[in-house]
Amino acid sequence: MQSLTWKFEGYGEPDKVLNQAEEILPAPGAGQVLIKLCAIGMNRSEFTYVQGKYLPARNFPSALGQEAVGEVVAIGDSTDGDGTFHFKVGDRVALTPGKIDMCATGTYRDYGIYDQSALIPVPEGFSDAEGAAFWMAFLTVAGSLHNAAMMPENAAGKTLLVTAAPSSVGIMALKIGRLWGARTIGTTRSQEKGESLQQFADEVLVCGNAAELVEQLKSSGGFDVAIDPVGGEFIDALVGGANHGAVILSYEMITGGRAEYSIGQVLVKDLTIRGFALFNIFKHVGLCENLVELGMKYAADLVPVVARTMPLSSAPAALVELGEARHIGKFILVPEA
């Protein structure tokens with residue numbers, strides 16, 4: 001089987017270093033499946049990965065991509081580790097983010113061989129694009145909230161703050177918070193995006209810097225749980241605007257991986273600052289399966305926002321546009337027929 005895939009030989013701007021290459025794929029081995037990819041979710045981490053600002057590539061050339069929806073074309077022999085779900089040839093499936101080797105195989109391709117244990121269902125009624133936009137966002141949010149001990153049964157009455165809320169993860173967090181009964185606050189730097197966010201959040205804060213954020217948080221009554229990808233100087237603002245006993249969850253570091261904040265306020269307010277990385281859910285027995293079950297349960301009310309679909313052949317330009325962060329929701333790549 002011949003496959004077209006995007007790879008890069010060294011770090012740099014996506015439109016400068018990405019090249020499309022042909023690969024000959026073997027038949028799937030034991031515990032593997034061959035998937036024809038139909039829709040590929042794009043993430044900011046891939047934009048930074050190409051530039052060497054995310055996890056380091058294990059080797060070069062490196063592939064790219066972490067999530068997708070596709071059709072099972074062929075299945076290798078079964079093994080004991082084939083996973084919770086069992087699919088047959090012709091089934092539509094999603095790939096589990098965090099179980100895809102972005103360096104070796106990735107998802108920026110038209111066909112790929114993956115472990116059977118990486119396959120999970122596509123929620124009923126979802127298009128391919130919506131399915132490819134769902135699981136990264138849901139697992140990131142649900143996993144973060146699990147770390148904050150905020151779940152459907154205890155979210156009511158709490159305030160959930162979501163920074164950089166126009167992203168696919170941000171919108172998912174606002175939807176989940178509202179669905180579970182929490183009061184939701186979303187932040188953005190753009191007035192235009194702020195107006196669009198009003199349909200998802202109970203309150204929207206438009207703030208251009210950390211100083212504005214902390215003042216607006218104090219005026220709005222603070223928060224009990226924050227999900228933050230911004231990092232850097234925003235951590236100090238979140239500490240300043242948090243309610244007593246609040247939990248601050250960091251899942252990215254858009255503005256930098258180091259932060260200065262008041263330890264005194266952390267002590268006095270009894271705050272918890274935690275991190276979340278998607279691969280950690282696989283270190284807890286049964287947690288990924290429980291979160292997938294939760295996602296399937298609530299999926300009908302959590303249909304993701306797809307900002308744009310673009311051909312797989314335009315992946316470098318699409319990554320550049322994604323990095324400009326002018327959109328709301330998720331970018332999707334679609335392999336050409």
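Nine aromatic pairs are counted in this predicted model, where rings of Phe, Tyr and Trp (its six-membered ring) pair if their centres lie within 6.5 Å, and planes under 30 degrees apart count as stacked, over 60 as edge-to-face and the rest as tilted. One of them joins Phe-8 and Tyr-11, a tilted pair with 6.3 Å from centre to centre and 40° between the planes. Phe-8 has a relative accessible area of 0% and is buried, whereas Tyr-11, at 37%, is partly exposed (buried, under 20% relative accessible area; exposed, over 50%; partly exposed, in between; 1.4 Å probe, protein chains only).

The rings of Phe-8 and Tyr-49 are edge-to-face, because their planes stand at 85°, with the centres 5.6 Å apart. This pair links distant parts of the chain, 41 residues apart: Phe-8 lies in strand β1 (residues 2-8) and Tyr-49 in helix α2 (residues 44-50). Helices (H or I, at least four residues) and strands (E, at least two) are DSSP runs, numbered from the N terminus. Tyr-49 is buried at 3% relative accessibility. Phe-8, Tyr-11 and Tyr-49 belong with Phe-60 to one aromatic cluster.

Ala-133 is located in helix α3 (residues 128-147) and is buried, with 1% relative accessibility. Beyond its neighbours within four places in sequence, Ala-133 is in contact with Glu-67, Pro-304, Val-306, Lys-330 and Ile-332 (contact, heavy atoms within 4.5 Å).

Residues are numbered from 1 along each chain as its sequence is written, and side-chain values use heavy atoms, with hydrogens and water left out. In this predicted model, local features need pLDDT of at least 70 and side-chain atom pairs count only at pLDDT 80 or more, while totals for chains, interfaces and linings use all residues.
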